[in-house]
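Open the model in your viewer and keep the sequence panel beside it. The tour goes from one selection to the next.

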Amino acid sequence: GLYDPVITPIAFKNDQYNNPVTIAGMTVIPFVQQHGVAGRSLGYRFGDFAYSTDVSGLDDAAFKTLEGVKTWIVDCAQFDTEFVVVHPNFQVVKEWNERVGAERVILTHMTPRVDYDVMRSKVPAGYEPAYDGLVLEFTS
């Protein structure tokens, strides 16, 4: 009810979380994420690629679904300021990726306080801030 949908939503049943479903001919694994006071959101895994935005926490089931992804786009609102209730900072993302093991972590959902060049200079190899116009190709 917060936003009008721009597409027809597909409601997942509880037994579909962390299990493959086919949408438009593509295999997708939806998983539940915590999103602070907003409750929960969904992340998605497509083959060895995953997408997690609007996330403040991941449970063991989500980590298990994410294991083995090579590229992970993940929410990272800021670099070194305090953790925000509904969005993680870089330290939290880095700790999560110690469990996930993604080779390439693309940081998204950054606040206006984050400068792209400063963020890029601070993150270690394997991490990179996203930018407008970034195009990624993957297969599921």
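Start with Ala24, in the loop between β1 and β2. Strands here (E, at least two residues) and helices (H or I, at least four) are DSSP runs, numbered from the N terminus. This is a predicted model: local features need pLDDT of at least 70, side-chain atom pairs count only at pLDDT 80 or more, and totals for chains, interfaces and linings use all residues. Residues are numbered from 1 along each chain as its sequence is written, and side-chain values use heavy atoms, without hydrogens and water.

Stay on Ala24. Its phi is positive, about 55°, although Ala24 is not a glycine. Most residues other than glycine have a negative phi. Ala24 is exposed, with a relative accessible area of 83% (buried is under 20%, exposed over 50%, partly exposed in between; 1.4 Å probe, protein chains only).

Next, select His109, in the loop between β6 and α3 (116-122). Here too phi is positive in a non-glycine residue, near 60°. His109 is partly exposed, at 34% relative accessible area.

Now show the strands. Seven of them form an open, mixed sheet in the order β1-β2-β3-β4-β5-β6-β7. Two strands pair if DSSP finds at least two bridges between them. β1 (21-23) and β7 (127-129) are the edges; each has a single partner strand, so one side of each lacks a neighbour in the sheet. From one strand to the next, the twist averages 30°.

Zoom in on β2 (residues 26-34) and β3 (residues 40-46), an antiparallel pair with six bridges. Pick Pro30: Tyr44 in β3 stands opposite.

Finish on helix α2 (residues 90-100). α2 lies across β5 (71-75), β6 (104-108) and β7, at about 150° to β5. Axes are lines fitted to C-alpha atoms, for helices over the stretch in contact, and angles run from 0 to 180 degrees between N-to-C directions; contact means heavy atoms within 4.5 Å.
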